[in-house]
Amino acid sequence: MSTTRHQSSADAPDHEAPKVHVVTFGCQMNKYDSELVEGRFQRAGYGVTDSMDEADVLLFNTCSVRDHAEERTWSWVGELKRAKEKRPDLVIGLMGCMAQRVEAEAFQRAAHVDLVAGTRQFHHLPRLVEEVRVRRQTPGLLPKEMRLLATDMEEDVIVDREGEAYRGGNHAYLAVMRGCDLNCTYCIVPTTRGRVRSRPIEDLAQEAEWLVGQGVQVLTLLGQTVNSYGEDFDKPGPGQPTYRGRQGRPSLADLLERMQAIEGLERIRLITLHPAYVTRPLAEAIRDLSKVDRFLPLPAQAGSDEVLKRMKRGYTLDLYRRRADLLREVVPDIELGSDWIVGFCGESDADFAGSEAFLEEQQFLVNYIFKYDPRPGTRADDHVDDVADVVKKERNQRLLAVSERVQRRRFEAQIGKTLPAFLDSLSERDERVLLGRTLTGMAVSLRAPKGLVGTTRDVIVDEAGAFGMAGRLAD
Ligand code: SAH
Ligand code: SF4
Ligand code: F3S
């Protein structure tokens with residue numbers, strides 16, 4: 001990682017410098033990528049602004065996971081047509097997953113877009129923007145020749161933090177791996193993000209240490225399948241022990257152990273795990289390393305073996321159970337969360353009832369539910385999207401009701417207990433209220449002095465709802 005990120009304020013861009021504004025859609029990795037891109041622009045002499053009107057360069061960091069995410073982006077981009085007519089100097093770019101998926105089609109859909117940069121091109125963005133500007137000054141070029149398309153995925157580059165890519169606060173994201181080697185039939189992510197690439201442990205530790213030096217206390221380690229971290233590394237030679245002396249490639253357990261050693265880092269959170277990569281060493285690391293939240297998002301997606309098979313999730317319900325049981329055997333108080341897709345191709349009433357039953361059985365603490373949305377180019381695109389939208393909507397409502405019931409029950413079971421919780425932040429609505437999470441990932445709010453933000457305290461749980469608990473300080 002670059003050492004130049006320790007820019008002094010004397011090097012900071014002055015008010016004359018062009019300004020970039022990044023609008024982020026999609027998942028946490030996109031939020032992280034937007035921060036990195038802002039840092040790269042700062043290093044290239046740009047300012048960063050939160051105002052569309054002030055920006056000279058407007059970038060949309062896009063998502064393609066469902067059609068809705070794409071449509072929202074297009075409607076924002078569409079709004080800018082007039083702005084571009086008024087300010088022809090404005091550079092408008094699309095970056096990220098949808099940019100990768102649609103490539104040059106973007107220019108047909110919105111002629112005022114200047115630049116399309118795929119998910120493995122972010123590190124080039126300041127240069128690409130400069131090139132758009134140079135082309136505009138070049139006599140004789142047609143408008144379409146002034147545009148740039150950069151969607152190569154072959155480049156073997158690791159995107160990391162460069163420049164002052166830190167926007168304050170005690171929480172930061174850190175992408176430890178990118179891409180996905182699985183091929184769930186409904187999912188566009190392997191197409192848009194490519195194959196798994198993990199960053200070396202020491203690089204990540206350096207970035208984490210730098211963040212902690214800026215005031216970060218909580219790190220969320222990101223990956224599309226974060227527990228496949230290291231699967232792409234070469235096998236180390238004999239005599240190179242990894243977590244607790246085991247032989248093999250470094251894995252997420254080793255990375256967590258290294259992160260645990262960072263002084264000043266208080267909590268480590270993980271998004272998102274896949275059941276296929278749940279191992280005993282990982283469970284033991286979570287048990288042994290006090291900074292790692294004992295909450296794992298471990299999406300089941302469906303509660304029917306036939307549907308899981310058509311989704312090519314790579315597990316049956318029984319295998320999921322065995323992995324969850326392993327986690328609970330090693331870490332008895334661990335909590336799990338899940339994502340669900342309702343109305344996938346061929347999902348019968350009985351299949352759907354299986355999802356309701358599995359959510360009840362596994363007592364997931366946090367659930368995100370999505371209606372199946374066929375994505376062009378995915379393998380499920382060949383199946384028939386045969387569940388009517390009204391049925392998808394109804395199943396969505398029903399599973400939501402089950403999840404709220406289960407979640408409420410899980411939270412209510414904590415009433416009267418005293419639980420250690422990390423106090424993350426002040427409530428935006430009421431400054432006298434602090435928001436925190438128990439070490440098992442349960443959301444809790446309480447009245448407490450501001451000064452306790454960033455500390456771990458015992459909290460007595462008084463009340464509970466479907467999305468968290470309220471309590472008071474124990475001492
Ligand atoms: N890598 C993660 C999920 C990434 S996408 C995992 O393997 O679990 C985030 C969520 O979006 C998925 O968990 C899934 O529930 C949902 N999703 C993905 N593709 C979808 C589609 N085509 N239609 C509806 N929901 C989808
Ligand atoms: Fe998509 Fe499946 Fe990979 Fe998750 S594991 S990103 S759902 S292909
Ligand atoms: Fe969307 Fe890409 Fe994230 S498709 S969910 S932005 S990995």
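This is a predicted model: local features need pLDDT of at least 70, side-chain atom pairs count only at pLDDT 80 or more; totals for chains, interfaces and linings use all residues.
The domain assignment divides the protein into domain 1, covering residues 2-150, domain 2, covering 171-408, and domain 3, covering 418-473. Between domain 1 and domain 3, the C-alpha centres are 38 Å apart.

In soluble globular proteins, nonpolar side chains tend to be buried together. Here the largest nonpolar core holds 78 residues, and within this core L219 and M259 are the members that touch the most others. Helix α11, which runs through residues 317-330, makes the greatest contribution to this core, supplying seven residues, and the core takes at least three residues from domain 1 as well as at least three from domain 2. Apart from this core lies another one, made up of 21 residues that include L80, L90, A99 and V102.

The ligands can be taken in turn. Around ligand 2 stand C180, L182, C184, Y186, C187, V189, P190, T225, H274 and R313, a shell that by class comprises seven nonpolar, two polar and one charged residues. Ligand 3 is surrounded by C27, N30, T62, C63, S64, V65, C97, R193 and Q224, and the residues of this shell fall into four nonpolar, four polar and one charged.

Terms used:
Residues are numbered from 1 along each chain as its sequence is written. Chains are lettered from A and ligands numbered from 1 in the order in which they are written. Side-chain values use heavy atoms; hydrogens and water are left out. A residue is near a molecule or strand if one of its heavy atoms lies within 4 Å of it. Ala, Val, Leu, Ile, Met, Phe, Trp, Tyr, Cys and Pro count as nonpolar, Asp, Glu, Lys and Arg as charged, and the others, Gly among them, as polar. Domain bounds come from an automatic or database domain assignment. A nonpolar core is a set of buried Ala, Val, Leu, Ile, Met, Phe, Trp, Tyr and Cys residues joined through side-chain atoms within 4.5 Å. Buried means under 20% relative accessible area, exposed over 50%, partly exposed in between (1.4 Å probe, protein chains only). Helices (H or I, at least four residues) and strands (E, at least two) are DSSP runs, numbered from the N terminus.
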